Structure formats: structure tokens, C-alpha cells
Protein chains: 2
Amino acid sequence: MCQLLGMNCNTPTDILFSFEGFHRRGGLTDHHADGWGIAFFEGAGVRLFIDDKPSSDSPVADLVRRYPIKSKNVIAHIRKATQGEVRLENCHPFVREMWGQYWIFAHNGDLKAFNPPKGSHYQAVGSTDSEHAFCHILEQLRQRWDRAPEPGQLFDEVARLSAEIRAHGTFNFMLSNGEWLIVHCATQLHYIVRQAPFNTAHLVDDDVSVDFSTLTTAQDRVAVIATLPLTDNEVWTALAPGELLMLRDGAPLFSLRS
Amino acid sequence: MCQLLGMNCNTPTDILFSFEGFHRRGGLTDHHADGWGIAFFEGAGVRLFIDDKPSSDSPVADLVRRYPIKSKNVIAHIRKATQGEVRLENCHPFVREMWGQYWIFAHNGDLKAFNPPKGSHYQAVGSTDSEHAFCHILEQLRQRWDRAPEPGQLFDEVARLSAEIRAHGTFNFMLSNGEWLIVHCATQLHYIVRQAPFNTAHLVDDDVSVDFSTLTTAQDRVAVIATLPLTDNEVWTALAPGELLMLRDGAPLFSLRS
């Protein structure tokens with residue numbers, strides 16, 4: 001299956017350290033070699049890099065590793081194809097615009113017999129169950145609200161939609177509009193909130209450490225969410241199957257276990 | 001003002017040679033230094049690279065120059081900000097999904113007192129007149145058709161919308177859905193169709209030549225469209241002010257002068 005990586009912060013932060021470990025799982029330390037992608041919010045704008053090459057062997061991943069893009073919300077995905085060919089239009093994250101905001105989405109899992117009706121606002125371009133699920137979520141939100149509602153209202157509606165969709169299979173996903181990051185755990189998802197006092201972290205996938213105390217200020221707060229913990233000397237919290245979590249400014253805002 | 005570059009081919013082709021000259025106009029041989037972007041179709045998927053740094057000094061442009069992405073439809077843009085701050089969300093090309101296809105758009109010019117009504121399907125994220133024009137065009141097409149019409153019908157409707165929008169100012173633009181490329185000339189736009197027998201071309205902006213006969217097959221056909229000619233030893237055709245041109249498979253399909 002695929003792997004997911006997300007970051008949500010209170011100040012624009014680069015994801016170089018986490019991506020260093022994560023991208024190695026795309027063909028090097030793990031077998032997720034059917035493409036990858038990463039989306040960064042910068043203000044209201046989005047930078048999306050997708051590639052149908054393995055992330056451990058991609059010139060685009062090479063750029064991302066060297067170019068410290070600072071962002072408050074990031075979603076990355078390494079793909080092990082289950083549905084949909086290995087083609088660019090099937091690489092996650094997917095992007096759409098809703099209510100004058102960009103929305104980004106990535107999914108880890110496999111949905112069976114999931115055939116939502118054709119949307120009047122959003123349609124999938126590729127053939128993945130994932131993009132169909134994303135378009136279905138947006139379509140339902142858009143039909144309910146003409147403009148962005150409060151985060152709490154959105155959270156409740158996404159919870160309802162997640163429960164509906166996960167009846168079709170495994171539905172770990174990450175969703176962001178640049179203000180907040182919503183993550184849903186079906187099987188595996190772990191997170192950590194880093195804040196002062198910052199310490200040194202050491203990657204699982206490579207012998208690399210970073211001392212965050214030299215890179216941060218006392219006010220910084222960064223939440224990192226990943227399918228599996230990325231570091232081996234920090235305490236990661238496992239989300240429960242069925243748990244939905246909304247993060248804003250590097251901290252949990254709403255959560256629901258069902 | 002900004003500069004535009006487009007490519008439309010009958011076989012996936014890399015744009016390295018044209019981009020080599022074009023990207024130098026972003027801060028080096030010309031003064032378009034307020035960001036840049038390039039969008040490539042690969043099948044139904046889109047690769048979008050945007051940057052708010054000058055293209056002559058951008059690590060992302062560096063990647064594009066070294067990575068021979070093969071595409072049948074490309075739109076690139078170098079920005080000289082007239083409306084909208086220098087921010088990522090204001091960099092062209094812009095992307096939206098319509099009828100299950102990605103659509104890309106870039107604009108060179110300046111629209112005054114252009115305030116289309118808020119769309120029910122498409123809204124601008126940034127503050128440029130350009131993105132508002134793109135969303136307005138999509139909104140009108142989407143309200144008229146529930147699914148993609150024939151290219152000829154689309155061309156006629158885009159012609160009508162272009163005439164309406166250009167009453168507000170300068171409206172050179174490029175638009176593609178991955179099957180065809182539509183270009184509209186308000187002030188300056190030049191194109192060339194390269195096909196067998198292929199010759200050697202020499203860049204205006206740099207002392208670089210390429211012998212296309214060594215890189216192509218006899219069936220290849222490539223149309224390149226740019227604000228100003230990119231080579232100094234080939235004959236480029238100037239579009240007339242008010243001319244709209246749809247290209248498919250590297251050749252003009254429909255054109256209208258008005």
C-alpha cells in the first residue's frame with residue numbers, strides 16, 4: 001500500500017528532514033515505487049510536484065530534497081498502485097479549487113465498489129478510487145455550502161463523509177485547504193507535535209539526525225503525520241482506526257473516534 | 001508585460017530548446033522577473049511548475065531545463081506583474097478541472113474594470129485579472145455544456161468570450177485541455193510549425209543551435225507559439241491583433257480574425 005506524509009505548522013517550515021526519510025520508502029527502503037507526489041501551500045498558492053517515477057529515483061524528488069520550500073501545510077504520498085495504471089494523472093496528491101481556495105488530497109488504501117454519482121462541480125481526471133473519493137467529498141461539501149463554513153462545521157461533514165466512504169474499504173487520507181489539515185486513519189497513521197524545548201531527531205530510514213533547537217524559535221509548533229513513524233528516538237502517537245483529526249497551527253483542533 | 005510560450009505537437013516532444021531561450025527573458029535578456037511557470041500535459045495528467053522567483057534564477061527552472069519532459073501541449077509564462085502582488089497564487093499558468101479534463105491558461109496583458117460575477121463552479125484564488133478571466137471563461141463554458149462539446153463549438157464560444165473580455169484591455173492568452181491549444185493575439189504572438197524536412201534552428205537569446213533533423217521522425221509536427229520569435233534563422237508567422245487560433249496535432253485547426 002501507499003504511504004502518506006503530512007505537515008501542519010504555525011509558521012512556514014521546510015519539510016526537508018522528514019522528506020529525506022520518507023522519499024527513501026519509494027523504492028529504496030520499501031516497495032512503494034509506482035510514483036509519488038508532494039503538495040506545498042505557500043500562502044493561498046500551491047506548489048504540486050508529482051512524478052510517475054519512483055521517488056528514490058526521481059529528478060523532481062531530487063529538487064524537492066534540495067530546495068527548502070517553507071510551508072504551513074504539506075501533503076506527500078508515495079504510491080503502490082492498487083487501482084489505476086501508473087500514469088501521471090493517477091499520482092497523488094490531487095488538487096482542486098473550491099470556494100476560492102485550493103484543496104489538496106492524498107489517500108492510502110483501496111476502495112471497492114465505490115461508484116459515487118458524477119459530480120456537477122468536480123469530476124475525476126484519472127482512474128483511481130482515490131481521486132473519485134476526493135471529488136465526491138468536494139462535491140458534497142460544495143453542494144451543502146456556497147462559501148467556506150466554519151472549520152468545526154466542515155470537520156463534522158468530513159467525518160460523516162469519511163464514515164460513508166470507509167464502508168467501501170481502506171481509507172487513510174489527508175486533506176488540506178491551506179488553513180488546516182484533516183487526516184483520517186483507517187489502518188495506520190502516526191503523528192508527533194514538535195514544540196519548545198526542541199530536541200534532536202534521528203531518521204528510521206537513513207542515518208541522519210537534525211537538532212531542531214538550532215533551526216526553530218520558541219514559538220514554533222510543527223505537527224508531522226505519517227503512515228509509520230519517521231524517527232526512532234521520539235514518541236509518535238498512533239491514531240485509532242476510524243479516528244479523524246483536524247490540525248491547525250501545528251496542533252490538534254478537533255478529533256473524533258468512531 | 002509578460003511573455004508567453006506554447007507548444008502543440010502530434011507526438012510528445014520536449015521543449016528544452018525553446019525553453020532555453022525563453023527562460024532567459026525572465027530577468028536576464030529581458031525584464032520579466034516577477035515569477036514564471038510552465039505546465040506540461042502528460043496524457044490526461046498535468047505537471048505544473050510555478051515559481052515566484054525570476055526564471056533565470058530559479059532552481060525549478062533549472063530542473064525543467066535539465067529534465068526532458070515530453071508533452072503534446074505545453075504553456076509557459078514569464079511574469080511582469082501589472083495586477084496582483086508577486087505571490088505564488090498569482091503565477092501563471094493556472095489549472096482547473098472541467099468535464100473530467102485539466103485545463104491550463106496563461107495571459108499576457110492587462111484588463112481594466114473587469115469584474116465578472118462570482119462563478120458557481122470556478123473562483124479565482126489569487127488577485128490577478130488573468131485568473132479571473134480564466135475562471136470566467138470556464139464558468140461560461142461549463143454553464144453552457146455539461147460535457148465537452150466538439151472542438152469547433154468550443155472554438156466559437158471561446159471566440160465570443162475573447163471578444164467580450166478584450167474590450168477590457170490587452171488579452172493575449174493561451175488555453176489548453178491537453179487535446180488542443182487555443183491562442184489569442186491581442187498585441188503580439190508569433191508561431192512556427194516545424195515538420196519534415198527539419199532544419200537547424202538558432203536561438204535569439206543565446207548562442208545555441210539545434211539540428212531538429214537528428215531529433216525527429218518524418219511524421220513529427222510541432223507548433224511553437226511565443227510572444228516574440230525565439231529563433232533568428234526561421235520564418236515565424238505573426239498573428240493579427242484579434243486573431244484566435246486553435247492548434248491540434250501541431251497544426252492550425254480553426255482560426256478567426258475579428
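Predicted model: local features only at pLDDT ≥ 70, side-chain atom pairs only at ≥ 80, totals over all residues.
Residues are numbered from 1 along each chain as its sequence is written, and chains are lettered from A in the order in which they are written. Local features need pLDDT of at least 70, side-chain atom pairs count only at pLDDT 80 or more, totals for chains, interfaces and linings use all residues, and side-chain values use heavy atoms, leaving out hydrogens and water.

Let us start with the overall arrangement.

**Where the chains meet**

Chain B gives 37 residues to the contact and chain A gives 37 residues, where contact means heavy atoms within 4.5 Å. Because 100% of the interface residues of chain B are also interface residues in chain A, the copies meet through the same surface. About 2900 Å² is buried between the two chains, and carbon and sulfur atoms give 50% of that area (buried area is the accessible area, with a 1.4 Å probe, that two parts lose on being put together, summed over both).

A salt bridge here is a side-chain nitrogen of Lys or Arg within 4 Å of a carboxyl oxygen of Asp or Glu. Arg47(A) forms one with Asp51(B), at 3.3 Å; this pair runs from strand β3 (residues 45–51) of chain A to strand β3 (residues 45–51) of chain B. Arg47(B) and Asp51(A) also meet in a salt bridge, at 3.3 Å from N to O.

**A helix pair in each chain**

Helices and strands are DSSP runs numbered from the N terminus (H or I, at least four residues, for helices; E, at least two, for strands). Axes are lines fitted to C-alpha atoms, for helices over the stretch in contact, with angles from 0 to 180 degrees between N-to-C directions.

| Helix pair | Axis distance | Angle |
|---|---|---|
| α1(A), residues 16–24, and α2(A), residues 59–66 | within 9 Å | roughly 150° |
| α1(B), residues 16–24, and α2(B), residues 59–66 | 9 Å | about 150° |

α1(B) is therefore roughly antiparallel to α2(B). In chain B, Leu16(B), Phe19(B), Glu20(B) and His23(B) of α1(B) touch Ala61(B), Val64(B) and Arg65(B) of α2(B).

Methods:
Parallel < 35°, antiparallel > 145°, perpendicular 65-115°, else oblique.
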